[in-house]
Amino acid sequence: MNASTQRSQFLDNVLKIIRRGCELGGFPEEFYELISRPERVVIVKIPVKMDSGKLKVFEGYRVQHNSALGPYKGGIRFHPEVTLEDDIALATIMTLKNSLAGIPYGGAKGAVRVNPKELSIRELEALCRGYARALRDVLGEYIDIPAPDVGTTAQTMAWMVDEYSKLVGRNSPAVFTAKPPELWGNPVREYATGFGCAVVSRELANELLGGLEGKKVAIQGFGNTGQWHAYFVSKMGAKVVAISDTSGTVYVPEGIDIELAMKVKNTTGKVINYPKGEKIPDPQAPLYVDADILGPDAMENQITLDNYHKIKAKIIVEGANGPTTPEAEAKLSERGVIIAPDFLANAGGVIMSYLEWVENLQWYIWDEDETRAKLERIMKNNFLRTWKKFEELRSANKSMTMRDAALVLSLERIYRAMKLRGWL
Ligand code: NAD
């Protein structure tokens, strides 16, 4: 069995989530049939002349999962172990995320089985250009709009948009998003995901804690998402008491100077080089400190049946994808902990991609403040819609979670679009 046909636990889990959403929302089986399978899967071979002079052929995918709400949209992952089934699962999640975000996109995801760290810059550029060339016919500003994901960057997008533009004979900025600001990107993209997490943290604190001012926040994972999540909640008046990365945890009950911590992390590579506070070797320690709000912003499967009982926060805002297992979420929910689910909380990046696309289609440029204000408005509206649905579901059944509410809202929007189009 080769990598592209391996069964994926991940895909099975995503299909279980869709099944549950269909049951909760009372959608018919024919809707499940449509939403549980991708509309199109493209597998390509990408030959790259390596620095050694040898030719290496990479396998690339583009999964176009659903287009009921608009063009396909989703990142491209470069990872040595990615499988086609994982890519289908990721594309399915993008359909749900884009629908909940209220933006006019379906879902997609691309992948190449490669470890980008093992390639020279020249080889990496050749691979990126090869990917754009191989998929040229199925990409396009009104067809399918990729963005970066794990293992790909703004530079990746710059090479791809250049290659695509050469192929079609004109500059085509809107085919790829999260490009560098110098090449039709927008400066807000750098912090869009963490900023969105901060907006959700603030809105949840308004609902449950009487506001964010002075509240204690702990952040696990001080990378792109975690740093900006911490930065913006501290600007909004909260006190960030713990941050961590793989080097360990910094704990300062009086509050961490986040700008200094960002400088330290980004120059030395380690948060534990922050000059003050208690240093705890365990990178998971922020999960357990005395805090009102917890941001698990590092990676998946961090809050499990083994450690959920040590969490003190009343609110969890999932910056990472899949940080809480379903079993742990059920236990935390019984205890009254409210979890803003990943596909609501970390949607700032894809919403920013949508704003960049709108700018590019019109060759128009919004300044940073204007763009951030638009992003904030969309994040806040999405939070409020989800919160309202959550209260509605919870009044009928106490075990309902915000994730359930987000799932039902997301599926409802796709279902209505399909009905109106006559697909069902
Ligand atoms: P990143 O690589 O910039 O940062 C991750 C950070 O987490 C690093 O500092 C790393 O040292 C730290 N880390 C890794 N394992 C850890 C552990 N066990 N405990 C504590 N810290 C740990 O990555 P990122 O882009 O910030 O992504 C983080 C998560 O957010 C991922 O789940 C990603 O899928 C999700 N996400 C990111 C974006 C985005 O725009 N960056 C958008 C949506 C979702």
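**Note on the ligand site and the sheet**

1. An oxygen atom of the ligand is 2.7 Å from an N or O atom in the side chain of T193, a polar contact (a pair of N or O atoms within 3.5 Å). For R189, the side-chain N or O atom is 3.4 Å from a ligand oxygen. At T246 a backbone N or O atom takes part, 3.3 Å from an oxygen atom of the ligand. The ligand taken alone exposes 830 Å², and the protein buries 72% of that (accessible areas by the Shrake-Rupley method, 1.4 Å probe).

2. This is a predicted model, in which local features need pLDDT of at least 70, side-chain atom pairs count only at pLDDT 80 or more, and totals for chains, interfaces and linings use all residues. Residues are numbered from 1 along each chain as its sequence is written, and side-chain values use heavy atoms, with hydrogens and water left out.

3. Seven strands form an open, mixed sheet in the order β9-β8-β7-β6-β10-β11-β12 (strands pair if DSSP finds at least two bridges between them). Its edge strands are β9 (278-280) and β12 (338-340), each pairing on one side only.

4. Strands β7 (residues 239-245) and β8 (residues 248-251) are antiparallel, with four bridges. The partner of S244 in β8 is T249.

Note on methods
Helices (H or I, at least four residues) and strands (E, at least two) are DSSP runs, numbered from the N terminus. A polar contact is a pair of N or O atoms within 3.5 Å; within protein, one must be able to donate a hydrogen and the other to accept it, and residues adjacent in sequence count only if both atoms are side-chain atoms.
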